[in-house]
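Please brief me on selected local features of the model shown below.

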Amino acid sequence: MSDTRRRVKVYTLNEDRQWDDRGTGHVSSTFVERLKGISLLVRAESDGSLLLESKISPNTAYQKQQDTLIVWSEAENYDLALSFQEKAGCDEIWEKICQVQGKDPALEITQDPIDESEEERFEEMPETSHLVELPPCELARLEEIADLVTSVLSSPIRREKLALALMSEGYMKKLLQLFQVCEDLENREGLHHLYEIVRGVLFLNKAALFEVMFSDDCIMDVVGCLEFDPSLVQPKKHREFLTKTAKFKEVIPITDSELRQKIHQTYRVQYIQDIILPTPSVFEENFLSTLTSFIFFNKVEIVSMLQEDEKFLTEVFAQLTDEATEDGKRRELVNFFKEFCAFSQTLQPQNRDAFFKTLANLGILPALEIVMGMDDLQVRAAATDIFSYLVEFSPSMVREFVMQEPQQTDDDVLLINVVIKQMICDSDPELGGAVQLMGLLRTLIDPENMLAPTNKTEKTEFLSFFYKYCMQVLTVPLLASTVDEKNCKDLQEGSTKINPVCPDNFQTAQLLALILELLTFCVEHHTYHIKTYIMNKDLLRRVLVLMNSKHTFLALCALRFMRRIIGQKDEYYNRYIVKGNLFEPVINTLLDNGTRYNLLNSAIIELFEFIKVEDIKSLIAHIIDNYYKALESIEYVQTFKGLKGRYEQEKDRQTLRLNRYRRDARTLDEDEDEEMWFNEDGEAIEKSRPEEEFPESFGKYMEAKKVKESDNKENFPKRTPTGSFKFTFSHSAGAANGTNGANCKPATSPTSAASPNGSPAKSATPPATPVVKTAMVGLVDYPDDEDEEDEDEEQSPRKRPRLGS
């Protein structure tokens, strides 16, 4: 059998009953030795890789749908489909399949899907029982036909037989002609039977029947039959809606009649599925899977046809951006693009990428910049939906466009500022549009989805742009609402004074909560830029004004903002908080909350608990020094006592450190060698590094030692009139090794640890004098200074800075 290549797309049905595109390639039917039979092979047109290798099994049921689709199941819950570009290619492969199975190519299904139990049962029946004999298509037999259609729905094999019978001799068209007769005669009983018949035929789930029922000649009669539900007192008026209310508007004339017909058909079939047919029960949910596939492939075809018509799309964009276009016309154009983008969501990722790249090349973003600034609410809402599709598809594409916009004096014309302005000015009491736009802004400023190509750093460039041109626009409502704290307090206390932008206005409070959520996100992800902005604008102080709001959710947003700042454990932030006494509004809110155990109370306690657990010393000292008297009465948690304990421990540690410093300064001998320490028995501890490891440095040390001994005669400290000592500082031997030391030698203890010949004390016998003993007492362990001692142990004696060297 010779190979026949045709261009196809390979689809598989996923768990959600949606078709996934596995790629585009060319199909052939050939003998595969490994599979021992004729098989369908699809090789990718891009790289020739094998997309599909499927043996044509004699028992597999293949279906041909819509002239260009072949669908089959290879295993349980694994359905495959080939979508052909040309009808001729589909027909040729279908003939190959039928040839292997010995079937007539005129059929649209090659096998009857029989489960084992039914197969065994039918084998015991006479051969004639396999056939479904339809009654004559007459008014008097409608009840009989309805009963037959309803009875077969529970049996897969009988559904298949009935579908074959209905497709023969134009039976469906005859039934729909009877509908017109019944309606003219007002035969209500016959109309109810036709409702049951048509509904049952749809549940047969056969694409070949759908092709007949949804054709231009029949679809309105199908809708008419479905109007006469026996459970309703009065029939619905679906046909009136589809023909009179629902208007098909061609924003630009569509010259392709096939495309126009496909759009009409898809809309009506979608209406039947979503509006007319009742929601399927658990047992019926798979009955309409073919109907879903029918709509899916129609949408894919519509998008592909429109996308390929460059003349049509170019004209649409030209009118959309033309200032002379009337508002009504522009509204229709925007709604068209909204529907166009919605259809594109049915495409697979690679096709959707191509679709949005086409729109970007045609200028969708500059067009959105114009329409999003219009006063028409419907236009703005549709434009927002289109913008959300673009951001979801490629945030980088939107960011690149924004940064390439010409920098004009008025920042409001920038696309992101237009989005921010629309978010701020959302008239919806529930701020539904503002929530959507805030999510889009968050996606755009999220560093996680910012690329860093070799030729540029998107993160740095875009964040610099955003904080320079856009952040000031975003924070306008926040800064305006917190400019005068007194106004908000007056309103909270029942004053008649009204501040229209006070955060105690519910809608404004909601907006400020959204802005704070975005700023909190920035604190976590934009370390440098947001820190600079907070410091320059004193933003945290302004935000904490909102702790006075009567809306607890807004106070919690303000607290969350501060909590995220403290969570960075950044000393720049900590000094900013301490200098501004910014804990005061938080503590006032805690005290005003009293003994109420609520979310606000718990959130504030958690803030201080975090400071305690993380041992943020600068904040702990500030809190205890300034606010402990107000907080010490809170005993239902141990947080503040714990803070006090941390504070006292740090004070004790500093005291011990200071005492140790003074003791070492007092007891170290003026000529003690930096390269050794004496133990309690006066024995020398060996240096961490032997002399031979650094002979050059050791020689320089000895030269500096001689100079030092001659200088010591002039550098003794002198007693001041108050009885204290005046110390002089000179470069010690440590300076020769890169370490500066201070000469702190009391005039009353001019003792030297060096030998008379100027050599190091390592070779000298330790003198048993009280001074030396005193120096050894200074070398003791301090339990509170374990960390410092660990660091000391890691330092070599030569590098340790000393007093008295």
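Leaving aside neighbours within four places in sequence, which residues is Lys612 in contact with? Lys612 is in contact with Thr639, Gly642, Leu643 and Arg646, where contact means heavy atoms within 4.5 Å.

This is a predicted model: local features need pLDDT of at least 70, side-chain atom pairs count only at pLDDT 80 or more, and totals for chains, interfaces and linings use all residues. Residues are numbered from 1 along each chain as its sequence is written, and side-chain values use heavy atoms, with hydrogens and water left out.

**Lys612**

- Lys612 sits in helix H30, residues 599–614. Helices (H or I, at least four residues) and strands (E, at least two) are DSSP runs, numbered from the N terminus.
- Lys612 counts as buried because its relative accessibility is 17%. Buried means under 20% relative accessible area, exposed over 50%, and partly exposed in between (1.4 Å probe, protein chains only).

**Helix H25 and its packing on H28**

- Two packed helices are described by the angle between their axes and the distance between the axes.
- H25 (residues 527–537) and H28 (residues 571–579) pack at an angle of about 15°, with axes 11 Å apart. Axes are lines fitted to C-alpha atoms, for helices over the stretch in contact, and angles run from 0 to 180 degrees between N-to-C directions.
- That angle makes H25 roughly parallel to H28. Angles under 35 degrees count as roughly parallel, over 145 as roughly antiparallel, 65 to 115 as roughly perpendicular and the rest as oblique.
- The crossing of H25 past H28 is left-handed, a term used if the near helix is turned anticlockwise from the far one by less than a right angle (right-handed if clockwise).
- From H25, Thr527, Ile530, Lys531, Ile534 and Met535 meet Tyr572, Tyr573 and Tyr576 of H28.
- By class, this contact of H25 with H28 has 6 nonpolar, 1 polar and 1 charged residues. Ala, Val, Leu, Ile, Met, Phe, Trp, Tyr, Cys and Pro count as nonpolar, Asp, Glu, Lys and Arg as charged, and the others, Gly among them, as polar.
- His529, Ile530, Lys531, Tyr533 and Ile534 are buried in H25.
- The buried residues of H25 pack against several helices, including H20 (458–469), H24 (506–525), H27 (552–567) and H28.

**Positive phi values**

- Asp538 is not a glycine, yet has a positive phi of about 50°.
- With a relative accessible area of 25%, Asp538 is partly exposed.
- Asn581, also a residue other than glycine, has a positive phi near 50°. Asn581 is found in the loop between H28 and helix H29 (584–593).
- Asn581 is partly exposed, at a relative accessible area of 33%.

**Cysteines**

- How many disulfides does the structure hold? The structure holds 0 disulfides, a disulfide being a pair of cysteine sulfur atoms within 2.5 Å.
- The closest cysteine sulfur to that of Cys137 is in Cys182, 9.9 Å away and so too far for a bond. Cys137 counts as buried, at 18% relative accessibility.
- Cys225 is in no disulfide, and its nearest cysteine sulfur, that of Cys182, is 8.6 Å away. Cys225 is buried, with a relative accessible area of 0%.

**Glu323**

- Glu323 lies in the loop between helix H12 (310–321) and helix H13 (327–344).
- Glu323 is exposed, with a relative accessible area of 78%.
- Glu323 and Ile370 are 47 residues apart along the chain, and their C-alpha atoms are separated by 9.4 Å.
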